[in-house]
Amino acid sequence: MTRIVLTAAVPALLTAACAGERTPPGPPTTGPELVEAAIAYHDPGGSWPRLRHTLVIDQSRPDGSERRGTIHMDVARSDYSYREDTSDGLLIKGTAGGDCFASIGGEAPTEDQVAAHRLDCPAIERMRNYYLYLWGLPMKLRDPGTHIDPAIGEGEFDGQPSLVARVTYDPAVGSDTWYFYFDPSTYRMIGYRFYHDEAAGDGEYILLSGEREVRGMRIPVERRWFTNADDRYLGTDTLVDDFAEPPGN
């Protein structure tokens with residue numbers, strides 16, 4: 001369980017991207033300052049907004065299944081591609097220039113394959129947003145429509161002392177409530193959780209461990225997922241490799 005105590009707040013919420021804040025001298029005293037301190041730790045050179053890079057991620061699930069995904073991100077264009085070897089052949093899907101694409105074994109997917117692998121355009125776009133958001137944290141907390149609570153929380157997360165930033169979004173962006181947990185001494189992100197309905201205690205939390213340098217950024221290596229309601233384990237995503245060039249066809 002996570003204990004959170006909110007410190008005194010300044011009068012109004014700030015939109016991170018519009019505020020344009022950078023890390024102030026001394027410890028952060030507001031939620032937006034805490035997020036900026038975390039970004040300064042994870043992306044000191046400001047690489048994320050212009051990142052074009054490929055991540056190789058191993059994904060394991062409670063049923064023992066494992067798969068490897070190769071994800072190429074073009075952050076400035078908000079595009080991505082995903083590749084995975086499947087029983088039907090090499091799956092490639094992604095977005096480019098506002099369009100989506102998908103193939104299996106070098107051919108257009110059949111209707112059954114579209115359903116089985118979720119290759120319709122809305123599903124592909126959801127996965128693009130998922131990967132760009134989660135692997136771009138905490139830098140993505142500068143995006144328009146992001147509201148960072150002015151109060152900094154203090155508590156524990158996974159048994160570690162932490163500073164906490166509470167984040168909500170404009171309705172057009174998202175309806176979930178997020179909490180981000182940071183090491184009090186370095187402002188390294190140690191995990192996060194989200195609720196669809198906080199009063200109901202639903203949603204999930206994610207524990208982070210390890211770091212890998214990617215284009216000057218400090219990217220968490222391992223993400224372990226659990227349910228908020230009963231701490232049920234959902235899976236692990238592990239960053240195993242990265243390279244600058246997009247994967248070949």
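Q: What kinds of residue line the second largest pocket, by class?
A: In this predicted model, the lining of the second largest pocket has 12 nonpolar, 5 polar and 4 charged residues. Ala, Val, Leu, Ile, Met, Phe, Trp, Tyr, Cys and Pro count as nonpolar, Asp, Glu, Lys and Arg as charged, and the others, Gly among them, as polar.

Q: What makes a space count as a pocket?
A: On a 1 Å grid over the protein atoms alone, a pocket is an open set of points with protein on both sides within 12 Å along at least five of seven lines, whereas a cavity is a set of points where a 1.4 Å probe fits but cannot get out. Lining residues have an atom within 4 Å of a point. By that rule, the second largest pocket has 21 lining residues, and N129, Y130, Y133, Y169 and V173 lie nearest its centre.

Q: How much space lies in the largest pocket, and which residues lie nearest its centre?
A: The space comes to about 670 Å³; grid points are joined across faces, edges and corners, and the volume is what probe spheres set on the points fill. Nearest the centre of the largest pocket are R67, R118, M127, Y130 and Y131.

Q: Which element gives the most to the lining of the largest pocket?
A: That is α4, with 5 residues. Helices are DSSP runs of H or I with at least four residues, and strands are runs of E with at least two, numbered from the N terminus. α4 also gives the most to the lining of the second largest pocket, with 6 residues.

Q: Before going on, how are residues numbered and which parts of the model count?
A: Residues are numbered from 1 along each chain as its sequence is written, and side-chain values use heavy atoms, with hydrogens and water left out. Local features need pLDDT of at least 70, side-chain atom pairs count only at pLDDT 80 or more, and totals for chains, interfaces and linings use all residues.

Q: Why is the pair R52 and D74 called a salt bridge?
A: The term means a side-chain nitrogen of Lys or Arg within 4 Å of a carboxyl oxygen of Asp or Glu. For R52 and D74 the N to O distance is 3.4 Å, so the pair qualifies. R52 belongs to strand β3 (residues 52-60) and D74 to strand β4 (residues 66-74), so parts that are 22 residues apart in sequence are tied together.

Q: Is D74 buried or exposed, and how do you know?
A: Buried means under 20% relative accessible area, exposed over 50%, and partly exposed in between (1.4 Å probe, protein chains only). D74 has 9%, so D74 is buried. R52 has 48%, so R52 is partly exposed.

Q: What makes R68 and D58 a salt bridge?
A: Their closest N and O atoms are 2.6 Å apart. This pair links R68 in strand β4 with D58 in strand β3, 10 residues apart.

Q: Why does P220 count as buried?
A: Its relative accessibility is 3%, so P220 falls in the buried class. P220 sits in strand β14 (residues 217-227).

Q: What is P220 in contact with, beyond neighbours within four places in sequence?
A: Contact means heavy atoms within 4.5 Å. The partners of P220 include W135, M189 and L239.
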